[in-house]
Amino acid sequence: MTLLAHDRYCDEIAAGVGQLRAVVSSGADLSATVPTCPDWSLEDLVRHVGRALCWVELIVRTRAEEDVPLDRAAGSAGPARRGDAAALDAWLAESGTMVVHALREAGPQGRAWSWFGDHTAGFWARRMTHELVVHGADAALAAGRPFRAVAADVAADAIDEWLEIVRFVQRVFPEGLAKELRAPGQSIHLHATDTAADLDAAWLIELPEDGITWRRGHEKATVALRGPLTDVLLAFYRRLPPDAPGLQVLGDRGLLELWLDKATFG
């Protein structure tokens, strides 16, 4: 597995912020429910992303050695008045610019506390890239707008990263939701049908008692999820149903549903 270059992550964050801003400024109903996050309105979703950008910017810029309360991040509260699309757009623009600047300034090895085992700015560049991919899809769904296909290398990296997070959660929170993702002898195969062979956009995920393992490659499994890579990614994050047009489930659907139920805590 090869991570993307740090500057590429920074570019993708800027692009993701731009996509979210386009939804906000499109005239979309900010009070609309986000179908994939039904406790949130579109505005709640946008504010969630903006707060995360502000918080990460503070952590990276200050080279934080420990967790930092969100309320210490300047601007994290967002616009005072709800329903103001122009103010939300301006806030997102500023927050996105600031976090990208902080990440570029720090470089991939710059010290930055994280809740994960990797305490570097590189971790946050990768995490925020994929946060924006997934929440960009949420926003598009809420606004009834088409969602752009994700660049193949970014989508593949997003799947890799999520598998790493699930493994981390199993280890650190052994009694959490992911504890149920233990099914010795059973496996899940993800297979993209629209990518170049050299990307190797296929995964075998195994569920032994000591925590999930995975590797890239096309192999037989208990259940397989096949389709265009962006759709496989979104289904993997429960942003699309696994039987959405273009996707195909082969084998034990119950095992796939277990994964989707217990591995989508983010």
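The conversation below turns to cysteines and then to salt bridges.

Guide: This is a predicted model, in which local features need pLDDT of at least 70, side-chain atom pairs count only at pLDDT 80 or more, and totals for chains, interfaces and linings use all residues. Residues are numbered from 1 along each chain as its sequence is written, and side-chain values use heavy atoms, with hydrogens and water left out.

Visitor: How many disulfides are there in the whole structure?
Guide: The search finds zero disulfides, a disulfide being a pair of cysteine sulfur atoms within 2.5 Å.

Visitor: Is Cys10 buried or exposed?
Guide: Cys10 counts as buried because its relative accessibility is 0%. Buried means under 20% relative accessible area, exposed means over 50%, and partly exposed lies in between (1.4 Å probe, protein chains only). Cys37, at 14%, also counts as buried.

Visitor: Now the charges. How many salt bridges does the search find?
Guide: It finds 21 salt bridges in the whole structure. A salt bridge is a side-chain nitrogen of Lys or Arg within 4 Å of a carboxyl oxygen of Asp or Glu.

Visitor: What does Arg111 pair with?
Guide: Arg111 forms a salt bridge with Glu65, at 3.1 Å from N to O. Arg111 lies in the loop between helix H3 (85-106) and helix H4 (121-143), and Glu65 in the loop between helix H2 (42-61) and H3, so the pair ties together parts that are 46 residues apart in sequence. Helices here are DSSP runs (H or I, at least four residues), numbered from the N terminus. Arg111 is partly exposed at 35% relative accessibility, whereas Glu65 is exposed at 55%.

Visitor: And where do Asp157 and Arg126 lie?
Guide: Their side chains meet in a salt bridge of 2.9 Å, N to O. Asp157 belongs to helix H5 (residues 152-172) and Arg126 to helix H4, so this pair connects parts 31 residues apart in sequence. Both Asp157 and Arg126 are buried.

Visitor: Which residue does Arg215 bridge to?
Guide: Arg215 bridges to Glu219, with the closest N and O atoms 2.8 Å apart. Arg215 is partly exposed at 36%, and Glu219 is partly exposed at 30%.

Visitor: Which residues are linked in a network?
Guide: Salt bridges link Glu180, Arg238, Asp261 and Lys262 in a network.

How values were computed. Helices (H or I, at least four residues) and strands (E, at least two) are DSSP runs, numbered from the N terminus.
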